[in-house]
Amino acid sequence: MSTRQSQNQPKPVPDRAKLFVDAFLVWMEVQKGASPATLKAYGSDLAQLAEFLRGQDADLGKPETVTKRHIQAYLAWLFRLGDAKSSMARKLAAARSYFRFQQRSNAVTENVAAQVRNPRQEKRHPRALNVDETFALLDTAQKPGKTPGQPGAGSAEAERLLCRDLALAELLYGSGLRISEALGLNIDDVQLSSRVLRVIGKGSRERLAPLSDTSCDSLKSWLDERPLMAHPDEPARFVGSRGSRLDRRE
């Protein structure tokens with residue numbers, strides 16, 4: 001191709017949307033200290049938004065052309081694609097940050113993405129064991145077996161931990177305690193002779209909870225084993241392998 005011919009070739013039009021997004025990402029990195037993972041996610045999300053807007057007569061490179069309706073249409077499109085609502089909320093957050101940056105740069109007077117509400121998130125509740133499953137769990141715990149290859153299986157320490165866990169499970173089921181309430185119990189909070197225990201619940205409210213016969217038996221067995229695990233000055237009813245109060249994560 002001759003020099004004259006090459007000069008006659010039209011110059012490629014710069015992608016304004018990409019230039020604007022890149023400038024925003026640089027600002028996020030320098031001014032906000034955004035992590036590489038955040039920058040990558042925001043870059044990907046805004047690239048998807050830019051592609052969508054091209055079919056809507058709007059352009060991220062001309063942020064003043066983007067309206068609230070464009071952002072609402074974008075979320076509706078994501079919904080039809082099958083995006084999770086959590087993913088949609090993250091992409092909306094990226095758009096809000098982008099238009100907030102454009103406000104700072106005086107490219108727009110309002111943040112159109114901030115005018116759109118987050119998608120209502122699904123509330124996922126943990127599934128509770130039913131009565132049969134609960135009794136199956138307790139029955140299994142009372143019949144320990146040696147598991148081949150499991151460290152400590154059948155050892156004295158494993159038997160003590162099993163004794164503790166059974167007492168805890170019986171207490172949760174029989175007395176209806178929350179796990180945080182059970183783990184917050186001290187030695188003096190449980191009166192086996194009167195078959196009641198003192199519980200400090202939400203808002204530091206104190207109440208009395210009944211003890212079932214099986215729970216009393218399990219707690220007695222655990223009290224026989226507890227001194228072999230607990231620190232001498234530890235007041236907690238349930239202790240972990242290190243001798244201090246049992247942590248709910250453990």
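**Chat about a predicted chain**

Reply: Leu 171 is buried, with a relative accessible area of 1%; buried means under 20% relative accessible area, exposed over 50%, and partly exposed in between (1.4 Å probe, protein chains only). One note before we go on: this is a predicted model, where local features need pLDDT of at least 70, side-chain atom pairs count only at pLDDT 80 or more, and totals for chains, interfaces and linings use all residues. Residues are numbered from 1 along each chain as its sequence is written, and side-chain values use heavy atoms, with hydrogens and water left out.

Me: Thanks! Where is Leu 171 found, and what does it touch?

Reply: Leu 171 is in helix 7, residues 156-175. Helices (H or I, at least four residues) and strands (E, at least two) are DSSP runs numbered from the N terminus. Not counting residues up to four places away in sequence, Leu 171 touches Gly 176, Leu 177, Ala 182, Leu 185, Leu 197, Leu 211, Ser 215, Leu 219 and Phe 238. Contact here means heavy atoms within 4.5 Å.

Me: Ser 215 is on that list. Is Ser 215 buried or exposed?

Reply: Ser 215 counts as buried because its relative accessible area is 0%. Ser 215 belongs to helix 9, residues 213-225. Leaving aside neighbours within four places in sequence, its contacts are Glu 170 and Leu 171.

Me: New topic: which residues form the positive surface patch?

Reply: Lys 68, Arg 69, Arg 117 and Arg 120 form it. Patches are made of residues with over 30% relative accessible area and no salt bridge, joining like charges within 9 Å and nonpolar side chains (Val, Leu, Ile, Met, Phe, Trp, Tyr) within 5 Å. A salt bridge is a side-chain nitrogen of Lys or Arg within 4 Å of a carboxyl oxygen of Asp or Glu. Lys and Arg count as positive and Asp and Glu as negative, while His and the chain ends are not counted. Each charge is placed at NZ of Lys, CZ of Arg, CG of Asp or CD of Glu.

Me: Why does Arg 69 count as exposed?

Reply: Because its relative accessibility is 68%. Arg 69 sits in helix 4, residues 68-81.

Me: What about Thr 65, where is that?

Reply: Thr 65 is in the loop between helix 3 and helix 4, and is partly exposed at 28% relative accessible area. It touches Ala 58, Asp 59 and His 70, not counting residues up to four places away in sequence.

Me: What is the phi of Asp 57?

Reply: Asp 57 has a positive phi of about 55 degrees, although it is not a glycine. Most residues other than glycine have a negative phi. Asp 57 lies in the loop between helix 3 (36-54) and helix 4, and counts as exposed at 76% relative accessibility.

Definitions and conventions:
Accessible areas come from the Shrake-Rupley method with a 1.4 Å probe; for residues, only the protein chains shown count as cover.
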